[in-house]
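Thanks for coming. I will go through one structure, starting with its strands, then its core, then the ligand site.

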Amino acid sequence: MFDELSEKLQSTFDRLAGKGQLTEKDVDIAMREVKIALLEADVNFKVVRDFVKRVKEKAIGAEVLKSLTPAQVVVKIVHDELIDLLGEAGRLDLSGPPPTVIMLVGLQGSGKTTTAGKLANWLRKQGHRPMLVAADTYRPAAVKQLEVLGEQLGIPVHSEGTEPPPPDIAERGVREAKHKAYDVVIIDTAGRLQIDEALMQELEEIKARVNPREILLVADAMTGQEAVNVADTFHKRIGLTGVIFTKVDGDARGGAALSIRAVTGVPIKFLGVGEKLDALEPFHPDRLASRILGMGDVLTLIEKAEQTIDTSKAEKLEKRLRQGEFDLEDFLEQLQQLKKLGPFTQLLELIPGMSGLKNALPADVTERELKKIEAIINSMTREERRNPRIINGSRKRRIAAGSGTTVQDVNELLKQFRMMQKMIKQLSGKGGKRRMRLPFD
Ligand code: GDP
């Protein structure tokens, strides 16, 4: 999402940065480009109009601090206004006596059932004891789908098939959760292909019976302004506390995410970023704004790394490094940790200045490299991994054949490893007096 918008805004600001002084006309031209980029991204036109007006007013009256160029000041203003537009960070209200009830509502196919599973999974990682309730009796197989998700995750699902009225299922589900001391209940309600009266009445009834703390609309980001209209209708009728946009990993233009808060007043709370059950991210307006403007998203990167990297392994490694031991097994472990962070190209997008590089790289080339290295190391004997010096010509040929690579690949890997080992040795040199020498030193 936002790829095209991001590219256009960045090239506008690049052109602006080329000018030392900015005239009112320069700002005007840039703002016209921003306006077109936003409209092309399918942002609601009223939202665009107000946005550009506010940026222009601020830009023209802005004081340029000594440390910044005028173009940077404009980017900063756009950044701040984007954050403002996107609303506050998505937080769930889980206060009050347990169990907290979360109702998920939305149209069919929006990803509601999948999101119920993802949200339960996320809550459990936050230390909660969630339970799911299958109250979507309308879509064939939705109940079964939720049961399967629950089973995969090891999270309990209250289900009663498709016969009982959904409000009854919901109420009994909440009662069961209370009885069994689950602290959060997520109710998957029915959707329809379009909004209709019967659906709204059913949702109103469920709301009255279970008193939810959160009513979250699950909306497909790919549907653009239609998602905003759906949110508006649901909000007016049953009152939403938030939106979860799904399929953000697709090539949605992003206009819905940029418009929804301004048009409906409902904040975005989470983004669904893939089909897997851990592909759900709490919404951070500041990070998204930075990402759109190509300023990188270091915070998300750090958070992701913290969640993924096994700290006990990291500590063990640190100790080995300090003792000057670092072998191919450690090397492999490091690569495996890195791989857990997700596709390389997705990581690049999060690093400042690297998002442009993503397009320059053929997709997944770096991941292929990683796989190759992994295969090579896996083809070595334990002894070879611990003491790579013993790897002679015939061993190299065996390793290459075993990993489906060439002797050249094996040599390349050993060279990389030796360089890394050398740098680490220098880092952990006796007395800590030696300083690290960088390759370009
Ligand atoms: P429901 O009818 O609203 O309950 O929809 P489902 O949960 O069955 O989801 C519909 C389809 O969207 C499924 O194929 C899901 O795997 C897919 N889906 C849901 N969320 C996401 C997401 O964030 N990204 C992607 N790529 N697919 C998603």
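First, a term: two strands count as paired if DSSP finds at least two bridges between them. Please keep in mind that this is a predicted model.

Take strand β1, residues 100–105, and β5: they pair in the parallel sense, over four bridges. Within that pairing, Ile102 stands opposite Glu214 in β5. Strand β5 is also joined to strand β6, residues 242–246, by five bridges, and these two run parallel. There, Val218 has Ile244 of β6 as its bridge partner.

Is β5 enclosed or open? Six of its seven residues, in the run 214–220, are buried, so β5 is largely enclosed by the rest of the structure.

Now the core. The largest nonpolar core has 93 residues, and Val185, Ile186, Ile187, Ala231 and Val243 have the most contacts inside it. Helix α4, residues 70–86, gives the largest share of this core, seven residues. Domain 1 (3–86) and domain 2 (100–293) both contribute residues, so the core lies between them. Another core lies apart from it, with eight residues, including Ile373 and Leu413.

Last, the ligand. Which residues are closest to the ligand? Of the 20 that surround it, the closest are Gly111, Lys112, Thr113, Thr114 and Gly272. Helix α5, residues 112–125, supplies the largest share of this shell, three residues. By type, the shell has three nonpolar, twelve polar and five charged residues.

Conventions. Residues are numbered from 1 along each chain as its sequence is written. This is a predicted model: local features need pLDDT of at least 70, side-chain atom pairs count only at pLDDT 80 or more; totals for chains, interfaces and linings use all residues. A residue is near a molecule or strand if its C-beta atom, placed from the backbone, lies within 6 Å of it. Ala, Val, Leu, Ile, Met, Phe, Trp, Tyr, Cys and Pro count as nonpolar, Asp, Glu, Lys and Arg as charged, and the others, Gly among them, as polar. A nonpolar core is a set of buried Ala, Val, Leu, Ile, Met, Phe, Trp, Tyr and Cys residues joined through C-beta atoms within 7 Å. A residue is buried if 20 or more other C-beta atoms lie within 10 Å of its own, exposed if 12 or fewer, and partly exposed in between; C-beta atoms are placed from the backbone. Domain bounds come from an automatic or database domain assignment.
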